[in-house]
Amino acid sequence: MLSTMQDVPLTVTRILHHGMTIHGKSQVTTWTGEPEPHRRTFAEIGTRATRLANALRDELGIDGDQRVATLMWNNAEHVEAYLAIPSMGAVLHTLNLRLPPEQLAWIVNHADDKVVIVNGSLLPLLVPLLPHLPSIEHVVVAGPGDRSALAGITPRVHEYEELIAGRSTTFDWPELDERQAAAMCYTSGTTGDPKGVVYSHRSIYLHSMQVNMTESMGLTDKDTTLVVVPQFHVNAWGLPHATFMSGVNMLMPDRFLQPAPLADMIERERPTHAAAVPTIWQGLLAEVTANPRDLTSMANVTIGGAACPPSLMEAYDKLGVRLCHAWGMTETSPLGTMAHPPAGLSDEEQWPYRVTQGRFPAGVEARLVGPGGEHLPWDGESAGELEVRGPWIAAAYYGGSDGEHLRPEDKFSEDGWLKTGDVGVISADGFLTLTDRAKDVIKSGGEWISSVELENALMAHPDVAEAAVVAVPDEKWGERPLATVVLKEGAAGVDYEALKAFLAESGIAKWQLPERWSVIPAVPKTSVGKFDKKVIRKQYAEGELDVTQL
Ligand code: ADP
């Protein structure tokens, strides 16, 4: 029997319309570096998004599912693009401004982007690439920045404000199929070419609802969220859509992502929530330790994208800021888990739950798969590769405009689950603890050593600012851990024996203790601020590290 219910497509258009009317007074505040930040209400954002849609269609010829790219910081205009482009039936393609230029060009060509909306301050990155981007017909420039480099370039150039000025404030939004493409985002391509994930209207809508649930970020129109995670990194973890759905105010840092301006904007604008990767929180902690600021408005913060060291969580607890650990990936939209402890526990009892990656929501099914393909029990001990499925999880990668979507065997199981490449355990009550990425795990004499566990233990040492542990070849054991550490400013020097003893005291098994050590000036980071371990492995292989063997 079919249901008797209406079948209204779940689309970004509905999120746009809802936010600009029901939550018209909520605001997007963009940091400008000037004494006053820039403020725009959801009603204004919605009207300007409508004007942008008219301009894209009437002036730039976007009349179907063409890709419109953005090369932008987090700011109000980027939110307008987020809402306008999918709502008109086109596909928003956010470009990661920290990728190497040749990768960026590869991605634009693969996606066949027709238009790029770029922040003026990013023109020095875009303009030299334009001769290699034959599909780009129009460049739309928004916000401050020197325009002189644009003289004589081939694609037509438009000023964002002039382009949208005076356009109609209504648009005949098409009724879209909810399964249609709304936005795309490429993974950073650590191995091989980058892979494009294409989000549907439906996946974005359902994911936004999950983001807004209390068991996830749980924000309302009483909140202001500081969106540090870039809009080019998995849709800023879904926040621009989720906030428009619930009227949550957004505080956007634009290009002011350094610890000092972030601390200033928190103290001044008093956001109640923020979202960023651990590196940002490490930097901010060092900043407020040196120059104290009041961060207490941020009662609740979402931290993810890489493992959050428990020592970082403790340090923020002392500042009155509670970090909530989350796991996800580009392929999972990204919300996969969040670490809210179960009800009825004391602070002490909550702790072991808070340091896990968290619990799966109803929309994300999970299983652990062992080396022989067997499904492992959820007993908190059996470690395997995490596989997930659900309505906001990718089923394939974009195959290019002429090709079929791609389902590489190492990324998708035969029965359609996503192979995450993450290794971990799940407890009987559904909390995930990741021990490693499959490619980072250290295989020593047939046993696995978790690089993340060693790193977390090392980062709890008072002299250690950051630590990254990688597998290096070893004649006897196959692989052994190499511990690279960044010392805190003012640390007296390094005593590797003492660090090793500290690891042993913190409960690391003797056979897992690293014998190779190196002090490095900084841990190399990927384009989205995660530890880039392949760079350390390469530096080691090429003899560039000063390694002490104990
Ligand atoms: P990439 O880092 O390859 O650019 P993503 O941003 O999609 O791509 O990263 C997803 C990966 O980041 C996950 O597969 C996982 O390895 C790692 N990750 C994300 N959140 C966490 C977390 N809370 N703890 C540990 N690892 C995490």
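**One residue and its setting**

Reply: At 2.8 Å, the backbone nitrogen of Arg-98 is reached by the side chain of Asn-96. This is a polar contact, a pair of N or O atoms within 3.5 Å; within protein, one atom must be able to donate a hydrogen and the other to accept it, and residues adjacent in sequence count only if both atoms are side-chain atoms. The model is predicted, so local features need pLDDT of at least 70 and side-chain atom pairs count only at pLDDT 80 or more, while totals for chains, interfaces and linings use all residues. Residues are numbered from 1 along each chain as its sequence is written, and side-chain values use heavy atoms, with hydrogens and water left out.

Asn-96 belongs to the loop between strand 4 (91–94) and helix 4 (101–111). Helices (H or I, at least four residues) and strands (E, at least two) are DSSP runs, numbered from the N terminus. Asn-96 counts as buried because its relative accessible area is 9%, where buried means under 20%, exposed over 50% and partly exposed in between (1.4 Å probe, protein chains only). Apart from neighbours within four places in sequence, Asn-96 is in contact (heavy atoms within 4.5 Å) with Leu-104, Phe-232, Ser-527 and Val-528.

A ligand nitrogen is 3.0 Å from a polar backbone atom of Gly-305, and a ligand oxygen is 2.6 Å from one of Thr-330. The protein buries 91% of the 560 Å² that the ligand exposes when taken alone, by the Shrake-Rupley method with a 1.4 Å probe.

Finally, there are the aromatic rings. Rings of Phe, Tyr and Trp (its six-membered ring) pair if their centres lie within 6.5 Å; planes under 30 degrees apart count as stacked, over 60 as edge-to-face and the rest as tilted. By this rule the model has 8 aromatic pairs. Among them, Phe-42 and Phe-244 are stacked, at 4.2 Å centre to centre and 15 degrees between the planes. Phe-42 is in helix 2 and Phe-244 in helix 9, 202 residues apart, and both are buried.
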